[in-house]
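Subject: Structure handover

Hi,

Here is the structure I promised to pass on. Please load it first, then read my notes below.

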Amino acid sequence: MAVGVLALQGSFNEHMAALRRLGVTGVEVRKPSQLESIEALIIPGGESTTMAKLANYHNLFPALRNFVNSGKPVWGTCAGLIFLANKATGQKLGGQELIGGLDCTVHRNFFGSQVQSFETELAVPKLAEQEGGSDRCRGVFIRAPAILKAGPDVEVLADYTIPLDKLGTVASDSEAKAITESLGKVIVAVRQRNILGTAFHPELTSDIRWHSYFLKMRKASDETNLLCLDLSNQNSYYHIGRRPSDLPIFE
């Protein structure tokens, strides 16, 4: 199974490394024609405006939309999540082009600027149910977006509770009201059919369960055999919990 990683800008190298650790072939995608030879696609985090300009320069948007509509698995992390949303708010003047396909409204840079980036523990019971390991994962949020509204067909995989005294610094009055009504929670991970979206960066941690979960989305849609790591194997070097700390892995 060849998995493409959009390699215009951002953390594509880290996604490629995670795929190698799962025994999967990663393909750096920069041209529309390269999408024809892959079975799944990861759109990494990065600077969404820059990525959009480069995608326009290489005429990638029509091919990316066709790929999403084909039913093949697509995963967007951080900026990739913004790309996949049907609607984005908090954009720069003039906005930016989106791929679409994910029935949600994403607020770009919801959590603030670079200096407001943070790490936290997220409850992920559905991920743990399928992939094993802890029912929590490390969430690395870097100038991160948040999903403020999701459609009825969107499955929420993780959310994050914002302290109410900080709502005014990250949300408009109308957004803050809606978030307060949802007990201060914003959505940070979702799935809708063949689309997976995370506002955080799993590729910057040693927890490879999100990548394994994504790869199995293709197996769920057809009978393609995947050479994926068995996370239940206690003898595996990369078994969840084996490493002493949750740090980035570079090869």
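Which residue caps the N-terminal end of α2? It is Glu47: one of its side-chain oxygens lies 3.0 Å from the backbone nitrogen of Thr49. Bear in mind that this is a predicted model.

Arg108 sits in the loop between β6 (102–107) and β7 (118–123). Arg108 is buried, with a relative accessible area of 4%. The cut-off for buried is under 20%, so Arg108 qualifies despite its place in a loop.

**Overall picture**

The protein has eight helices and twelve strands. There are 251 residues, and 52% of them count as buried. The accessible surface comes to about 11500 Å². Carbon and sulfur atoms account for 50% of that surface. Take the contacts between residues at least 6 apart in sequence: 68% of them join residues at least 24 apart.

**Helix α2**

α2 covers residues 48–57. Its buried residues are Ser48, Thr49, Met51, Ala52 and Ala55. Seen down the helix axis, they fall within an arc of 160°, so they line one face of α2. The buried residues pack against β3, α3 and α4. Just after the helix, Asn59 takes a positive phi of about 55°.

**Helix α3**

α3 spans residues 61–69. Which of its residues are buried? They are Phe61, Ala63, Leu64, Phe67 and Val68. Down the axis of α3, these too fall within an arc of 160°, so they line one face of the helix. The face turned away from that buried side carries the exposed residues Asn66 and Asn69.

The buried residues of α3 pack against several elements. These are β3 (40–43), α2 (48–57), β4 (74–77), α4 (79–84) and β12 (195–198). After α3 comes Gly71, with a positive phi near 95°.

Why is β11 described as largely enclosed by the rest of the structure? Because six of its eight residues, in the run 185–192, are buried. β11 also has a strand partner in both β10 and β12.

- β10 (residues 155–161) runs antiparallel to β11, and six bridges join the two. Thr161 has Lys185 of β11 as its bridge partner.
- β12 pairs with β11 in the antiparallel sense, over four bridges. Gln192 has Ile195 of β12 as its bridge partner.
- β11 and β12 form a hairpin with two residues between the strands. Arg193 in this hairpin takes a positive phi near 50°.

β12 links this part back to the helices, as it is one of the elements that the buried residues of α3 pack against.

**Where to look**

Then go along the buried face of α3 to β12. From there, cross the hairpin to β11.

Best wishes

Key
Residues numbered from 1 in each chain as written. Predicted model: local features only at pLDDT ≥ 70, side-chain atom pairs only at ≥ 80, totals over all residues. Heavy atoms only, no water. Buried < 20%, exposed > 50% of the residue type's maximum accessible area, 1.4 Å probe, protein only. Arc of directions from axis to C-beta. Contact = heavy atoms within 4.5 Å. Areas by Shrake-Rupley, 256 points an atom, 1.4 Å probe, with all protein chains shown as cover. Pairing = 2+ DSSP bridges. Polar contact = N/O pair within 3.5 Å; in protein donor to acceptor, adjacent residues only side chain to side chain.
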